[in-house]
Amino acid sequence: MNSGEGMLGGHPFVVAHRGASAERPEHTLAAYELALKEGADGVECDVRLTHDGHLVCVHDRRVDRTSNGSGLVSEMTLAQMRELDFGAWHPSWRPDGSQGDTGLLSLDDLVSLVLDWNRPVKLFIETKHPVRYGALVESKVLALLHRYGIASPASADRSRAVVMSFSAAAVWRIRRAAPMLPTVLLGETSRYLGGGAATTVGATAVGPSIATLREHPELVDRAAAQGRALYCWTVDHYEDVRYCRDIGVAWVATNHPGRTKGWLQDGLTGAGRD
């Protein structure tokens, strides 16, 4: 994942943020299957460890917002979490299951889905910090990627997985243990201007929010000059997609992968605006 690798015909690649999360419940099989059907070039997930050491795709520390249960992910077992439904809170949910599987999604299941899809798709895995299990999260992620044979790609460009974090220490742990695996240091302006933290930990890309990027468009050129790609989140609106395309962003994370992909393929002519 270098500075030029993210561009296809002058357009950014589209990453489905927690799946097609505007149309389906985030981090569910239903959301990721829809994103893949809509042509997403990559999918993004957040991972946490359960009490018994399993990696699950959940953004929050607690399950309260996105499930019919309550409690901390780190205090629940995988079996307990599998008893919950992670879709009923979302407007798309149907009790007959017609919108797809909205149960707990493990990272194992998501990797299988992505690797078995009928075209190459990149998986962007964000490790959450601070967490009670600390560095164990990165160790477990790497062990899982090794099990699938994708932790040591021939080159960063050909990698099927990318590991991201707002924690510089987490990125550094990945770079030391799997030097060919692409990494993204997520965060805001203070980390990037001058490139200090990204350089220190050896991140292959930087990941500002769209708000930060609009304030500091020079980040794209600075990243490119250092041989790094730029991954921008969360890019949902027409004007922001066009802005990212115009300044040369490599990857855009969006809750609307199908719509965003359509805008880019149509050349952002103004048709189909939100």
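## A buried cysteine to start with

Cysteine 244 is buried, with a relative accessible area of 0%. Here, buried means under 20% relative accessible area, exposed means over 50%, and partly exposed lies in between (1.4 Å probe, protein chains only). The closest cysteine sulfur to that of cysteine 244 belongs to cysteine 232, and at 4.2 Å it is too far for a bond.

Before we go on, a word on the model: it is predicted, so local features need pLDDT of at least 70 and side-chain atom pairs count only at pLDDT 80 or more, while totals for chains, interfaces and linings use all residues. Residues are numbered from 1 along each chain as its sequence is written, and side-chain values use heavy atoms, leaving out hydrogens and water.

A disulfide is a covalent bond between the sulfur atoms of two cysteines. The cut-off used for one is a pair of cysteine sulfur atoms within 2.5 Å. How many disulfides does the structure hold? The count is 0. Cysteine 57 is in no disulfide either, and the nearest cysteine sulfur, in cysteine 45, is 4.3 Å away. Cysteine 57 is buried too, with a relative accessible area of 2%.

Now for the strands. Helices (H or I, at least four residues) and strands (E, at least two) are DSSP runs, numbered from the N terminus. Strand β3 spans residues 42-49, and 8 of its 8 residues are buried. Both faces are covered: one side carries Gly42, Glu44, Asp46 and Arg48, and the other carries Val43, Cys45, Val47 and Leu49.

Which strands pair with β3? Two strands pair if DSSP finds at least two bridges between them. β2 and β3 are parallel, with 3 bridges, and histidine 17 stands opposite glutamate 44 of β3. β3 and β5 also run parallel, joined by 6 bridges; valine 47 sits opposite threonine 127 in β5. With β4 the direction is antiparallel, over 3 bridges, and arginine 48 has valine 56 as its bridge partner there. β3 and β4 make a hairpin with 5 residues between them, and in the turn glycine 53 has a positive phi of about 85 degrees.

β5 pairs with β6 in the parallel sense over 4 bridges, where leucine 123 stands opposite alanine 161.

In the loop between β5 and α4 you will find lysine 128. Is lysine 128 buried or exposed? At 12% relative accessibility, lysine 128 counts as buried. Its side chain makes a polar contact of 2.9 Å with the side chain of glutamate 126. A polar contact is a pair of N or O atoms within 3.5 Å; within protein, one must be able to donate a hydrogen and the other to accept it, and residues adjacent in sequence count only if both atoms are side-chain atoms. Not counting residues up to four places away in sequence, lysine 128 touches Asp46, Val47, Arg48 and His59, where contact means heavy atoms within 4.5 Å.

Helix α4 has 12 residues, 136-147, and at 1.5 Å a residue it should span 16 Å; its end C-alpha atoms are 16 Å apart, which agrees. The expected span is 1.5 Å times one less than the number of residues.

Which residues of α4 are buried? They are Val137, Glu138, Val141, Leu142, Leu144 and Leu145. These residues cover an arc of only 160 degrees around the axis, which puts them on the same side of α4. The arc is that of the directions from the helix axis to the C-beta atoms. An α-helix has 3.6 residues a turn, so residues three or four places apart point the same way. The cover over the buried residues of α4 includes β3, β4, α3, β5, β6 and α5. Just after α4, glycine 149 takes a positive phi of about 75 degrees.

## A buried threonine in a loop

Threonine 28 is found in the loop between β2 and α1, and it is buried with a relative accessible area of 0%. Leaving aside neighbours within four places in sequence, threonine 28 is in contact with Phe86, Asp101, Thr102, Gly103 and Leu105.
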